[in-house]
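Work through the exercises below with the coordinates open. Try each task before reading its solution.

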Amino acid sequence: MNSLSPYRLRSPCHGAAAVAVAVAAGALALGLLAPPAVAAPGGDSPAAVTRTDPFQQRLDTLVAGGGAPGALAAVRDRNGRSLNYTAGVADLRTGAKVPVDGQVRIGSNTKTFVAVVVLQLVAEGRVDLDASLDTYLPGLVRGQDIDGRRITVRQVLQHTSGLPDYTDFVEISSATQYVEPRELLDAALAHKADFAPGTQWKYSNTGYVVAGLIVQRVTGRPLGEEVTKRVIDRIGLRHTYFPAQGETGIRERHPHGYFADKPGDPLLDVTEMDPSWAWGAGAMVSTNTDLNRFFSALIGGELMPPAQLAQMRTTVPADPAVPGSRYGLGLASRPLSCGGVSWGHGGGIPGYVTRGGVTEDGRAVSIAVTVLASPDLKQRVVAAVDEAFCR
């Protein structure tokens with residue numbers, strides 16, 4: 001299942017200004033790397049390096065052979081033991097080490113946070129999953145073969161709405177330009193629907209712009225405030241946030257994020273950006289440990305009543321390129337090689353790719369690499385997640 005939001009961002013210094021879909025970042029000859037490290041969660045400094053740890057070796061290959069400048073991970077095993085890992089460098093210019101459990105842009109994992117807020121509003125009787133978009137956004141969702149009276153809230157959360165993906169079309173003038181959510185929606189609505197609502201599944205970031213607008217209309221508060229109050233503060237995510245308007249940096253210790261226009265091009269440092277163009281589809285910042293905590297709390301029933309969690313986990317077949325992958329309401333399941341499934345999402349945004357999830361028996365894995373990766377590297381990350389779950 002393609003759980004990413006696969007954006008393309010071309011640097012202004014390359015004479016382009018498009019944010020769109022589906023690009024693979026180029027590889028880089030890395031040269032000397034900082035030594036990998038393993039540490040307990042929350043530690044300020046790495047513990048003794050364990051080079052024989054199979055997972056550490058797997059993480060090293062994402063750097064040495066996969067083209068990622070840096071990689072970091074948090075793993076909780078069947079026995080409840082948690083470890084943080086790092087590999088590579090945080091900054092190609094200085095060679096600084098990757099910070100243990102550093103903050104990264106988490107891309108489409110944001111969708112799960114937004115979906116949780118919507119499901120909480122459902123539990124409060126303020127939103128109906130099977131109501132039309134016009135119930136909450138009257139007359140707003142209109143276009144060629146697009147009618148908000150025929151699209152439901154459930155369909156936008158599950159990527160069965162047929163709404164075209166705005167990241168194929170929206171344009172910005174620089175990486176630090178602020179973009180209003182309505183501009184993102186308008187960019188999508190200027191194009192024909194991908195299919196009739198409810199007839200197919202296709203990943204579309206536009207649905208989560210709509211979901212964010214519904215949250216704002218129903219609550220009367222900004223989306224970021226609702227995510228913070230209802231999710232981040234509720235379960236004590238200390239290193240997770242929804243960026244404020246105009247915020248372009250990353251607040252705490254973090255590895256730099258990199259991007260190339262096309263394979264083979266030099267990597268550009270794209271750490272600093274205004275993520276408003278990703279908004280409810282992918283703007284948030286977090287750490288691997290916080291992501292493990294979030295998905296564990298979600299699957300463990302800490303964030304919504306059982307009835308709404310059951311709705312969230314009611315899935316449809318998703319990406320045919322990943323056999324067995326399924327998508328619910330902002331939540332994906334992926335089969336594991338050792339049996340069972342993991343629940344999570346995943347994300348990709350210029351500079352970072354994250355993959356991971358949790359299992360019913362308490363295992364949790366989150367991995368981030370510091371480049372919007374090539375398809376090969378993305379598959380390596382997915383394989384590393386599976387290995388961590390199944391060891």
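**Exercise 1. Find the handedness of the disulfide formed by Cys338 and Cys390, left-handed or right-handed.**

Solution. The model is predicted, and every value here is computed from it.
Step 1: Apply the cut-off, a pair of cysteine sulfur atoms within 2.5 Å. The sulfur atoms of Cys338 and Cys390 are 2.1 Å apart, and the two residues form a disulfide.
Step 2: Take the torsion about the S-S bond of Cys338 and Cys390. It is about -70 degrees, so the disulfide is left-handed.
Step 3: Cys338 sits in the loop between strand 14 and strand 15, and Cys390 in helix 10 (residues 375–390), so the pair ties together parts that are 52 residues apart in sequence.

**Exercise 2. Describe how strand 14 pairs with strand 15, and what links them.**

Solution. 
Step 1: Get the sense. Strand 14 and strand 15 (residues 341–344) pair in the antiparallel sense, over four bridges.
Step 2: Read off partners. Arg334 is bridged to Ser342 in strand 15. Ala332 is bridged to Gly344, also in strand 15.
Step 3: Inspect the connection. Five residues lie between the two strands of this hairpin, and Gly339 in the turn has a positive phi of about 100 degrees.

**Exercise 3. Characterise the packing of helix 2 against helix 5.**

Solution. 
Step 1: Helix 2 (residues 109–123) and helix 5 (residues 206–219) pack at about 40 degrees, with axes 10 Å apart. That angle makes helix 2 oblique to helix 5.
Step 2: Assign the hand. Helix 2 passes helix 5 in a left-handed crossing.
Step 3: List the contacts. Helix 2 contributes Lys111, Val114, Ala115, Val117, Val118 and Leu121. Helix 5 contributes Tyr208, Ala211, Gly212, Val215, Val218 and Thr219.
Step 4: Classify them. The contact of helix 2 with helix 5 holds nine nonpolar, two polar and one charged residue.

**Exercise 4. Which residues bring helix 2 and helix 8 into contact?**

Solution. 
Step 1: Helix 2 and helix 8 (residues 288–299) pack at an angle of about 40 degrees, their axes 12 Å apart.
Step 2: The crossing of helix 2 past helix 8 is left-handed.
Step 3: Asn109, Thr112, Phe113 and Val116 in helix 2 meet Leu291, Phe294, Phe295 and Leu298 in helix 8.
Step 4: The contact of helix 2 with helix 8 divides into six nonpolar, two polar and no charged residues.

Note on methods
Residues numbered from 1 in each chain as written. Predicted model: local features only at pLDDT ≥ 70, side-chain atom pairs only at ≥ 80, totals over all residues. Heavy atoms only, no water. Pairing = 2+ DSSP bridges. Axes fitted to C-alpha atoms, helices over the stretch in contact; angles between N-to-C directions. Parallel < 35°, antiparallel > 145°, perpendicular 65-115°, else oblique. Left-handed = near helix turned anticlockwise from the far one by under 90°. Contact = heavy atoms within 4.5 Å. Nonpolar A, V, L, I, M, F, W, Y, C, P; charged D, E, K, R; others polar.
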